[in-house]
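Subject: Structure for your review

Hello,

Please find the structure below, together with its sequence.

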Amino acid sequence: MSLITKYFRRGLATVCGAVIGASLLAVSPAVEASPDFPAKPIRLIVAYPPGGSTDITARIVAERMGALLGTSVVVENLGGASGTIGAAKVARTTPDGYELLFGSSPELTITRFTNKGLPYDSLKDFTPLTLIAKVPYVLTVRDSLPAKTLSEFIALAKEQQGKLTFASTGVNTTAHLISEVLKRDADIDFLQVPYKGSGPGMMDLQAGHVDFTIDTLTASMVAAQSGRVRILAIATPERSEIAPEIPTFDESGMPDFVRGTWFGILAPAATPDAVKEKIAKAAREVMASEDVRETLRKRGVMAAGGPPQEFVDLINSEIEGWSFLGKQ
């Protein structure tokens, strides 16, 4: 049994101790808060290309935050290296609140263990402000692939062992590691084709250049509307209220296959407290809007919007859960 399989079968580990939480919360502001913040547009860095679930969610949230803050919140895509290029840019920026990270699991939890040369420390260089949303993963295939169900897909993959091509959102991203679990649990093999994010990979899937992907419900729902891809299974405990027509992995013959990711807004650690509080308050207000929550729900995203500590706890638990990667 692989270490990855052992991890997922254990389920997500419990929250780490208060030491990690303190390191995320305790900051020493190096920049004085401007009383008229924000006095210019704010850039929200998405560490993945346009078109993916992270990008789609960020744009919905950015528009509403801008209205509340009285300025433009501009989404800037800076993809590559499993999200670490965009995260590194925010970590190095002037901590004045005008550049924020719309972060997700790979660049903040997984790469701590898979990339020893990271130019930032996700625990020390960022302050989590608000958990925005969670989103489940689904298995999606090109429309011309003969498999119509998960069991048919697995049978086909076994017949063509090592030949089917899989579009991942990058090496060592959540999607990549989940695919490794699928390999082990279903006793199949396939070829990974890494992309810089969901958007490019999903475009190639729709064009028939790759056979399947394991991606967020958000990215796959949008692509499925084209009629060129089919979603075979969703990695949730029960069928999703958002897309009840999609069977779960469990009812399709793979029990306990529950996987997902999340998005949240983070600021450079040394950002003044007053600025962080103003941004966090606006983000929470956006996420409390039933209109926004419904807009996200229609795109396969489960809105969150809780206090900073909730986001801190989630990051801590994921870091603990992925820590086995550093022991391989």
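E251 is partly exposed, with a relative accessibility of 46%. This is a predicted model, and every value here was computed from it. The side chain of E251 forms a salt bridge with that of R239, at 2.9 Å from N to O. Both residues sit in the loop between β8 (229–234) and β9 (260–268), so the bridge ties together parts that are twelve residues apart in sequence. R239 is also partly exposed, as its relative accessible area is 39%.

In total, the model has 13 salt bridges. Side chains of opposite charge can pair when their charged atoms come close.

Another of these pairs is R64 with D291, where the closest N and O atoms are 2.4 Å apart. R64 belongs to helix α3 (residues 53–69) and D291 to helix α11 (residues 290–297), so this bridge ties together parts that are 227 residues apart in sequence. R64 has a relative accessible area of 30%, which makes it partly exposed. D291, at 42% relative accessibility, is partly exposed as well.

K89 and E99 form a salt bridge too, with 2.9 Å between the closest N and O atoms. K89 is in helix α4 (residues 84–92), while E99 is in strand β3 (residues 99–104), so the pair joins a helix to a strand across ten residues of sequence. Is each partner buried or exposed, or in between? K89 is partly exposed, with a relative accessible area of 25%. E99 is buried, with a relative accessible area of 2%; the cut-off for buried is under 20%.

The serine is S220, in helix α9 (residues 217–224). S220 has a relative accessibility of 0% and so counts as buried. What does the side chain of S220 make a polar contact with? The partner is the side chain of T140, at 3.0 Å. Leaving aside neighbours within four places in sequence, the residues in contact with S220 are V138, T140, M202, D215, V229 and I231.

Regards

Definitions and conventions. Residues numbered from 1 in each chain as written. Predicted model: local features only at pLDDT ≥ 70, side-chain atom pairs only at ≥ 80, totals over all residues. Heavy atoms only, no water. Salt bridge = Lys/Arg side-chain N within 4 Å of Asp/Glu carboxyl O. Helix = DSSP H or I, 4+ residues; strand = E, 2+ residues; numbered from the N terminus. Buried < 20%, exposed > 50% of the residue type's maximum accessible area, 1.4 Å probe, protein only. Polar contact = N/O pair within 3.5 Å; in protein donor to acceptor, adjacent residues only side chain to side chain. Contact = heavy atoms within 4.5 Å.
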